[in-house]
Amino acid sequence: MQWLNTIVQGILTGGLYAMFAAGLSLIFGVMRLVNIAHGDFIVLAAYLALVVTETLGIGPLPSLLIVIPLMAAIGYALQRGLLNRTLGDDLLPPLLVTFGLSVIIQNGLLELFTADSRRLQAGALEVATWQVAQGLSVGLLPLLQFVAAVAVIGGLQALFYRTAFGRAFRATSDDPAVAQLMGLDNRHVFALAMALSLAVVGLAGVLLAVRANFDPAIGPARLIFGFEAVIIGGLGNLWGTLAGGIVLGVAQAVGAKLDPGWQLLAGHLAFLLVLAVRPEGLFPRIRT
């Protein structure tokens, strides 16, 4: 039962990692852009939620109504005003620009909020548990995070394959030149994709801030978890991203069970194992 409890906790943690990775998978699938600043945007969303909750006196979950639209607006403006200028056959310019954004965000947050660790308080939700069976309990907050991850990924999947926006995203991803000839504004489509990505980041940032402490320097670690989940699941496959997050979460939970010092190492080893056996990931991108 202890091992079952460990695996369940790992699965729930994997939902949070899938939230980290969903935005990365989305923008890579649409415009082949690797956002080095992705983890720092997660931290930025956490600090925005901190400011909103302290200013308005509301809880972390209601703050999502402000944080998510604000992060989406930042994403649209950033892509339309800066990142679109770097896209092309060469992958280096967007990597350099997003690396610069990462440095700017980290140092800006450090200047404004200092290096002190913060956390959002969610009251009774933080400690509420559901007793599934003798020796097996599930925290309601991790369960909420996992359900949110499944809902977000399911919503993005439906958006991509059942709406006009999704057809525009897929057409632009498959052949930007032909999509432009057919009347699509690639710059606008890419900006919408980044807005959607940072909206998901806004949700992930708030959930992270409720579950764990955060400070301006933790962004790169969140980026690594997101990258590993994307690679394990398969580039551009959203449901694969969820599976990748679960694999990573379970590996870390099992590693921590064996030895507390092995938690992160076990996740990295699982990533390397999948990469060695299936370099394209467990579930390569679905083309329709």
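Helices, as the term is used in these legends, are DSSP runs of H or I with at least four residues, numbered from the N terminus. The structure shown in every view is a predicted model.

**View 1. The largest pocket and its lining.** Helix H8 supplies the largest share of the lining of the largest pocket, namely three residues. The volume of this pocket is about 320 Å³, and of the 16 residues that line it, those closest to its centre are Met31, Leu87, Gly88, Pro176 and Phe190. Helix H1 (2-31), helix H6 (164-174) and H8 are the elements that give two or more residues to this lining.

**View 2. The largest nonpolar core, with the surroundings of Phe20.** The largest nonpolar core holds 66 residues, and among these Phe20, Val30, Met31 and Phe41 touch the most other members. The greatest contribution to this core is made by helix H8 (residues 186-211), with 14 residues. When neighbours within four places in sequence are left aside, the contacts of Phe20 are with His38, Ile42, Ala204, Leu208, Arg222, Phe225 and Gly226. Another core, of five residues, lies apart from the largest one, and its members include Ala21, Leu24, Leu223 and Val230.

**View 3. Helix H2 and the glycine that follows.** After H2 comes Gly57, which has a positive phi, near 70°.

View 4. Strand S1 (residues 129-133) and strand S2 (residues 136-139) run antiparallel and are joined by four bridges.

View 5. Gln121 is placed in the loop between helix H4 (92-113) and S1. Its relative accessible area is 58%, and since residues over 50% count as exposed, Gln121 is therefore classed as exposed. Although Gln121 and Pro60 are 61 residues apart along the chain, their C-alpha atoms are separated by 7.2 Å. With residues up to four places away in sequence not counted, Gln121 touches Pro60 and Glu126.

Notes:
Residues are numbered from 1 along each chain as its sequence is written. This is a predicted model: local features need pLDDT of at least 70, side-chain atom pairs count only at pLDDT 80 or more; totals for chains, interfaces and linings use all residues. Side-chain values use heavy atoms; hydrogens and water are left out. Two strands pair if DSSP finds at least two bridges between them. A nonpolar core is a set of buried Ala, Val, Leu, Ile, Met, Phe, Trp, Tyr and Cys residues joined through side-chain atoms within 4.5 Å. Buried means under 20% relative accessible area, exposed over 50%, partly exposed in between (1.4 Å probe, protein chains only). Contact means heavy atoms within 4.5 Å. On a 1 Å grid over the protein atoms alone, a cavity is a set of points where a 1.4 Å probe fits but cannot get out, and a pocket is an open set with protein on both sides within 12 Å along at least five of seven lines; lining residues have an atom within 4 Å of a point. Grid points are joined across faces, edges and corners, and a volume is the space filled by probe spheres set on the points.
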